[in-house]
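This report is written for a reader who is meeting the structure for the first time. Please keep the sequence and the model at hand while reading.

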Amino acid sequence: MMKFIHSLAALAAAAALLAGCSSTRIQDYANTGPQLVPSEFFNGRLCADGVVKNVSGQVTRHFSARILASWDATGIGTLDETFQFNDRPMGDYEKRIWTLVPDGEGAYLARANDVPEAGRLEFAGNSVHMNYVLHYKTADGETVKLTMDDWMHLVSNRSLMNETRMSKFGFTVGHIVLSIRQAGPADLCLPGNIANPNIERISM
């Protein structure tokens, strides 16, 4: 009987822990620095490096990316992202272009070529949070819809960490972990010393 009670207590503790994780709000980071202002950090040229993990936590792919970010006079942002994955031939790039439209204080509506339904991006303190549905086109032409839960945290004025939970039908299928940094003049971001790639295929 005592063993059964201990098991119930362990399950209750695990449930409470999961509930606590799922209830994290962007405002929980409102007083955390350094301050992350999307239009300031995502401006100009940025480099990113990351890994894709399966549901067991095993790394299945890794990638590098270049982001060209700009903002117009009305406050609308464009993030032009180019990715090189390790399991694709050199120069076989994947691309995503985000449009960020202001949606009140501390928020944007975000769409991309493979995110047709706008996700709401919220930011406070040193963090950004966004939920969206990604229509990912695989190498064999199949389109897979993935729900993405995206958290970004600024760790210095030039460096940001990003973790994304990927799920389908409510079940976690993997995670993406990456770092993003503001690029210096000598940073090419993409492997192969390619400064201005000729991108012919858009699959992201």
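This is a predicted model: local features need pLDDT of at least 70, side-chain atom pairs count only at pLDDT 80 or more; totals for chains, interfaces and linings use all residues.

## The disulfide

When the whole structure is searched, one disulfide is found, and this disulfide is formed by C47 and C189, whose sulfur atoms lie 1.9 Å apart. The pair links distant parts of the chain, since C47 belongs to strand β1 (residues 44–54) while C189 sits in the segment after β10 (171–182), and the two cysteines are 142 residues apart.

The torsion about the S-S bond of C47 and C189 is about -65°, and the disulfide is therefore left-handed.

## Strands β3 and β4

Strand β3, which covers residues 77–85, runs antiparallel to strand β4, which covers residues 94–102, and seven bridges join the two. Within this pairing, G77 is found opposite L100 of β4.

## Strands β4 and β5

Strand β4 is also joined to strand β5 (residues 107–112), here by five bridges, and these two strands again run antiparallel. In this pairing W98 stands opposite A112, a residue of β5.

Together β4 and β5 form a hairpin that has four residues between the strands, and in its turn G104 has a positive phi of about 85°.

Notes
Residues are numbered from 1 along each chain as its sequence is written. Side-chain values use heavy atoms; hydrogens and water are left out. A disulfide is a pair of cysteine sulfur atoms within 2.5 Å. Two strands pair if DSSP finds at least two bridges between them.
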